[in-house]
Amino acid sequence: MHPTRVIGLMSGTSVDGIDAALVEIVGTDLDLKVELLAGKTYPYPAALREKILAICGGAPISMAELAAIDDAIALVFAQAAQNIQVGYPPATLIGSHGQTVYHRPPGFSISENSVSANILPSHQSPFPYPQSLGYSLQLGRGALISRLTGITTISNFRVADIAVGGHGAPLVPRVDAYLLSHPQEARCIQNVGGIGNVTYLPPRRDDWLNQIRGWDTGPGNSLLDLAVQYFSNGAKSYDENGSWAASGSPCYPLVEKWLSQDYFRLPPPKSTGRELFGVTYLHQCLQDCQAYQLSPADVLATITELTAASIVNSYHAFLPRMPKCLLLCGGGSQNLYLKHRLELLLKSVKVLTTDEAGVSAEFKEAIAFAILAYWRQLGLPGNLPVATGADQEVVLGEVHPVTGDK
Ligand SMILES: Nc1ncnc2c1ncn2[C@@H]1O[C@H](COP(=O)(O)OP(=O)(O)OP(=O)(O)O)[C@@H](O)[C@H]1O
Ligand SMILES: CC(=O)N[C@H]1[C@@H]2OC[C@@H](O2)[C@@H](O)[C@@H]1O[C@H](C)C(=O)O
């Protein structure tokens, strides 16, 4: 069987840049094999990144601006796709996640929300309010990426899952299942991006697919990055290797206080984003820290502890049993202090990275969107209802075939 050459494009909640992965794929599920030919992160132009972060933080924009930003993101995604395949025969397919700028889980009360309360018709609605579908908006339209690159592009992966009652996230669990499950060993695959998310993979036997679990664990690096930027007056954007936090000590009463927050108690399926774990949340944390007169290093250690403890506590609360092994991925897998804290909290669980299981920890999410696009073209489902909360498995993604001249 000839491999299919696919480009996966992803920019996550850290908004640090576009991860591009050029892969060759064969097989479909248990026989799925992926070879990473090239992987690279292309930073966003500074002005575009600032604008995206402003929108994510709730800044108002006009429809004209929204359209312009949608296309500006599509343009840099298309450039990333062009660049990653230099020196290789061209890819036949692109899977582009785009840039999340807004995410609202399902079950949100439309009528009680202050924005919608003013615009809803006043008469009794015939629809089953107040439980609404989720809403998740990714910018960087696939139509433009396809037109600029001349390559069929699949985008908007989350909407089909949301349409059947799901969160539209996390979507990687099905990919993790086929790339990283083990015949004898139960594993957790823990992504630590801006937001953290886990896939629990039982040993690959009998009814294993039905026992997989997945959810967003809460903050990954989002609060830590914001705190580093605050304490360094913008000179640093993240805590390299976790060394700043490692020079401080966590304030455990504060970690306990923060962990009592609703999101951490909520059972899966659940998803979150910068809407919750963003600037406003950090300001609350910083205010709490004042009462304990913590140094910047102590604050960073305390926030890192929140990430580590929220991950480990959620395993104890929501997994059928603890895994033998934890495989880290995402930028936070390079944070040695965080890794050390996870090792201590997890005691007998082995902590490695997905690199050590043969899948790039840095580019796993970009690889996942290449696979989801490939499954889309084969008419195969991409979501795992137990992880997203959807009513059923669905084929994910909107197809933008190549039409006309570039
Ligand atoms: N050497 C390092 N040491 C510590 N942290 C690092 C290092 N390299 C990257 N990071 C962290 O990883 C973050 C980027 O991670 P990643 O690209 O996986 O996030 P993302 O994909 O944007 O987020 P998400 O998975 O939530 O969508 C950076 O913002 C930084 O906090
Ligand atoms: C709405 C959105 O973009 N969610 C991201 C985010 O970043 C991590 C976590 O929150 C995860 O749920 C998801 O991304 C991965 C790729 C996913 O869907 O599995």
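Around ligand 2 sit 17 residues, and Thr100, Arg158, Leu171, Val172 and Asp216 come nearest; a residue is near if one of its heavy atoms lies within 4 Å. This is a predicted model, where local features need pLDDT of at least 70, side-chain atom pairs count only at pLDDT 80 or more, and totals for chains, interfaces and linings use all residues. Residues are numbered from 1 along each chain as its sequence is written, chains are lettered from A and ligands numbered from 1 in written order, and side-chain values use heavy atoms, leaving out hydrogens and water.

**Ligand 2 up close**
- Arg158 puts a polar side-chain atom 2.7 Å from an oxygen atom of ligand 2.
- Leu171 has a polar backbone atom 2.8 Å from a ligand 2 oxygen, and for Val172 a backbone N or O atom lies 3.0 Å from one.
- Taken alone, ligand 2 exposes 430 Å², and the protein buries 98% of that (Shrake-Rupley method, 1.4 Å probe).

**Who makes up the shell**
- The shell splits into 7 nonpolar, 7 polar and 3 charged residues, with Gly counted as polar.
- Strand E4 (93–104) gives the largest share, 3 residues; strands are DSSP runs of at least two residues, helices of at least four.
- Strand E8 (195–201) and helix H15 (364–378) each supply at least two.

**Nonpolar cores**
- The largest nonpolar core has 41 residues, with Val23, Phe157 and Trp375 among those with the most contacts inside it; core members are buried nonpolar residues joined through side-chain atoms within 4.5 Å, buried meaning under 20% relative accessible area (1.4 Å probe, protein chains only).
- H15 gives the most to this core, 10 residues.
- A second, separate core of 28 residues includes Leu9 and Ile84.

Key
A polar contact is a pair of N or O atoms within 3.5 Å; within protein, one must be able to donate a hydrogen and the other to accept it, and residues adjacent in sequence count only if both atoms are side-chain atoms. Buried means under 20% relative accessible area, exposed over 50%, partly exposed in between (1.4 Å probe, protein chains only).
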